[in-house]
Amino acid sequence: MLELEIDGKQVQVPEGSTVMDAANKIGTFIPHFCYHKKLSIAANCRMCLVEVEKAPKPLPACATPVANGMKVKTRSEQAVTAQKGVMEFLLINHPLDCPICDQGGECQLQDLSIGYGGSASRYQEEKRVVVNKNLGPLIATDMTRCIHCTRCVRFGQEIAGIMELGVANRGEHSEILAFVDRTVDSELSGNVIDLCPVGALTSKPFRFSARTWELSRRKSVSPHDGLGANLVVQVKLNEVKRVLPLENEDVNECWLSDKDRFSYEALNSEQRLRRPMLKQGGQWKEVDWQTALEYVANGFKAVAASHGAASIGALLSPHSTLEEMYLAQKLMRGLGSENVDFRLRQRDFSLDGKAGATPWLGMPVADFARLDRVLVVGSFLRKDHPLLAQRLRQSAKKGSQVSLIHATADDPLLPLHASMTVAPAAFAASLAQIIKSVAEQKALAFDNALYQQTQTLPVSAEARSIAASLISGARVGIFLGNLAQQHPAAGQLAALVQELARLLGARFGVLGEAANSVGGYVAGALPQGGGLNARSMLEQPRKAYLVLHAEPELDCANPLLAAQALSSAEMVVAMSAFQTRASDYADVILPVAPFTETSGSFINTEGRVQGFNAVVKPLDQTRPGWKVLRVLGNLLGLAGFDFESSEAVRVAALGGERASVADRLRSDVGAVAVILATTSSAVERVADVPIHFADPIVRRAPSLQRTRDACAPTARMNTATLGRLGLNGREKVRIRQGQGEAVLESVVDEAVADGCVRIAAAHETTSALGDMTGPITVERI
Amino acid sequence: MLKIDQPMHIKPQILANLEGEKSWRLKDYVARGGYAALRKILREKTPPEKIIAELKESALRGRGGAGFPTGLKWSFMPKQYAGEKYLVCNSDEGEPGTFKDRDILRYNPHMVIEGMAIAAYAMGTARGYNYIHGEVWDVYLRFEEALDEARAGGFLGQKILGSDFSFELFAHHGYGAYICGEETGLLESIEGKKGQPRYKPPFPASFGLYGKPTTINNTETFAAVPWIIMNGGAKYLEVGKPNNGGTKIFSVSGHVNRPGVYEIPMGTPFARLLEMCGGMRGGRKLKACIPGGSSMPVLPGDVMMQCDMDYDSIAKAGSMLGSGAVIIMDETTCMVKALQRLSYFYFEESCGQCTPCREGTGWLYRVVHRIEHGEGRPEDLDLLTSVSDNIAGRTICALGDAAALPVKSFVKHFRPEFEYHIENKKCLVPVDVQRAGSRIYVEHAAC
């Protein structure tokens, strides 16, 4: 430890700390612009100059290492003169257009100019003007305001992993820009808006829609990916105007993905439902809640009476709240049906009833960030888990080795130790190779049935390298990504990962797909005993369905199957915040609140229960889902539906006031017989769920839909695959999968595993196709 | 062939015996005793510490401008470092008025190579770069040729001269940015990045090229090394004066009869140097002199005439010896116009990384420009001083100081001239007088 004195206060800091670190420790504020705790030190703004005893000139606090016995003065005449001098320089070419600047009111330059700026400028020359840049649909620019702190540049290089912004030219002509004719397309790009200390980079969707001081700040939780990023939702006149990160070092740090940040636009969209609607005589009619709910209750009763309660099924979105899921399963079970599920994109339910556990990350996110060896199986890492990928990027920078088994070689923007790019059907064999290699290298025995099958299995150099990497680690983690969880043999993959982890003494888990993937298990929103799961409910069509927050034609593993089952049902009740294709197949549409208009909770992939309150009042006749389900329970005369508040529902869902979720989190799957599939010569589909199509909210966020991540699906394959199919990668092709077909553009993409065609799911142009993986045929039109 | 105007009693060390037809060739260099120092240390297996001690004794100070003791700098290199260490020669000579390294490399490149090889031996580095200013292309090409010759001659590469010592040296040319002459900007440039200085600490000795321990010296510094090895540090010191060992090469430009490169012992009186340059052009009076390159404070003529040419004497007079670029201005010079030129240079060459320099250099230039163009205001002179104060000492590298010092010193020493400009909206020095002192106008009028 080093000891120093700052403004007369003694402080002790560890070796290697800077004066800024020491000042932060004792709460002494040193003005700064370029310094940011999560970014590298640039020391270019010079605002943090302080007086250091025995130094001939003021030194930047952010870059000056602490020496023992150092005496620092942050408010001395020398320090303040230097700080004021820098402030004057920063302001001479700044347009001082605060009244029309979106940053006004939350601008570091504006704030610090109060303390360090002059009341009039000595600069009488012409000011610099910088041409604005088009950085895409999310980031607005006013580059004349830029003070060249390079936080945005460093963010790209260090956090997002891709340098999309840089400083061109030099001296006074320096300017921040993207590469020629390029925009900023990172899935984390919006963070530069927060980082920009002035109004040079502001939010394009939010632009000119409110002044920051008019907004109330309310805490919430992101309803999208499995991380559950903490949000500050900013509200004016009962409308969500903007979303910012709520700093939580254990979850999202100070970052948000663009999906978390800009999806709010959907909440104010024209596509919101406003009133309950009934379809009568083929015509949709707006009705009051009483009528709608009575219709639903009577309908369910009638179906149960005529076809049995088991003919009713419920499909819940994994983005629903814990409370909604709990009440929905309680409602189904009250009616006498076990058919309830939230695992809409899952295909393999072989573990149901065996494991009885709750797949989760297997460790806290904080531990995830500290792993030194990581293997991820089947994940579009950057797009499926933008901030978890960012954590891996940081740990890889510190020397951790990350390896991937996946169907595409998309660049995760982090240095990979090794990767195996194989068709999904070969995931299991790839894992088996690694298991075999680990067992050989460590001279350990493993599962005998599996051992017999690996006898003749050749081990590739990559598999051996991954095995060696994992063996050499002290903190090893193995994870199943979304594609692995959606895999037709997901249970076997889980068993293989479990076996591999056992050999290594490693931890394993899943990268949770949705905001409440863990919550669904905790709420019991999955079938027990003879109930039907999300897949079998569609394969064996039910007479009546309750659909909560989901768009089955986009959100289910097999959209074609889902559309057929729902269309043929006698009654479909759609509870949704948005107008959906439910108008084609549903009989009742109930407008329920999105996450901003209801209280509730999500359990993120590390098992963290994160409750939130409504930040605005429900739109028009919209009602919180948990209240709707409670009233439905009452109308059906079911017991145990007299909850007074969502907190009471949560307590019940968690199993009591003091119940711990942690006890239920278990990724292990018990003994599963693994049969390594023989490879087929068929062309195989690989489906990603593009980041901005993943759930009903984000699909309707207009700005996100204009990003490059939201381009329409194509049929992507490598040159070899194209060649075998007689294609050149620039033509329209007809894709056939089972009974479904779709016409898409073929595109050359060398990152796709040989023999595979990457066709995105969750988009209407591909919703006529079937499962996310499996054999397809491709033909030239 | 180099014509050197050196009175016989002053013995140059670096620019010695260059009268041969092709003095830059290996053959010529070896013939005049070149590579003897390298041979000597390799043959005698001189311990590296002894070489560094010799350099410390010689009081050789960095010839790039800062005058840091070279032996001390070499001793900062971590000895037991496992991994690559680098040696870098800074030949990115870009400051107005400096052209000494250009001539060293043009006429005596092997002396630099030998000096670097000795330095590499002393510091245990196996790889070096010479970063050469991009606007002297012929010099870069010639250095590449010299490297080829040295490699072929066994003076560079693996197992030099049959010893166990290996050293690979490469030339790297810049693209004409002044800022790449700043040592850490230079390192960034070699790494292929934008030439922007790094914040120090960490210093290059611990975190230099590619993050490895690195020593950077000026061309002339390396060129001085073989002589010291051959003749001993004590003898080198004796040539100069205490704390200012050896000879120094001055590039003299401006209003003298024979501008050029002069190698003289440290401590030689300025008047003597002026005399060697053939005196003031047209016999006019010395008005001002910048003794160390355009980034150093200007000194009035009478002060300058009392100075000796060494680090300490010039510093005592209120300026710095810098790189030894002596800019001579006679009484036909308009100091406002001269400052306008200088401040434009720093405005143009600022890298833009840190605030005071990026914003301040443009401000300074614009105000001086205004004064020169008859739009000055009475408060401008105080403003110039104040803005200069706000730049100097507040920036990442020394370019901020380099921009501020000339402005402050011009205003300080020639304030009446600036005031005259502001009040009368014209020069104190009449235009025809200015033209009489300018070769461009005089020669133009003649034809």
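This is a predicted model: local features need pLDDT of at least 70, side-chain atom pairs count only at pLDDT 80 or more; totals for chains, interfaces and linings use all residues.

Residues count from 1 along each chain as its sequence is written, chains are lettered from A and ligands numbered from 1 in the order written, and side-chain values use heavy atoms, without hydrogens and water.

**Interface, chains A and B**

I looked up the contacts (heavy atoms within 4.5 Å) and found 32 residues of chain B against 37 of chain A. The two chains bury about 2,800 Å² between them, 51% of it on carbon and sulfur atoms; that is accessible area (1.4 Å probe) lost on being put together, summed over both. On the chain B side, B:Tyr199, B:Trp363 and B:Arg394 supply 25% of the buried area, more than any other three residues.

Next I checked salt bridges (Lys or Arg side-chain nitrogen within 4 Å of an Asp or Glu carboxyl oxygen). There are four between chain B and chain A; I noted B:Arg366 with A:Glu172, at 2.8 Å, N to O. α15(B) gives the most to the side of chain B that touches chain A, with ten residues.

**A:His692**

I found A:His692 in the loop between β27 (684-686) and α24 (696-699) of chain A; helices (H or I, at least four residues) and strands (E, at least two) are DSSP runs, numbered from the N terminus. Buried or exposed? A:His692 is buried, at 3% relative accessible area, where buried means under 20% (1.4 Å probe, protein chains only).

Methods
Buried means under 20% relative accessible area, exposed over 50%, partly exposed in between (1.4 Å probe, protein chains only).
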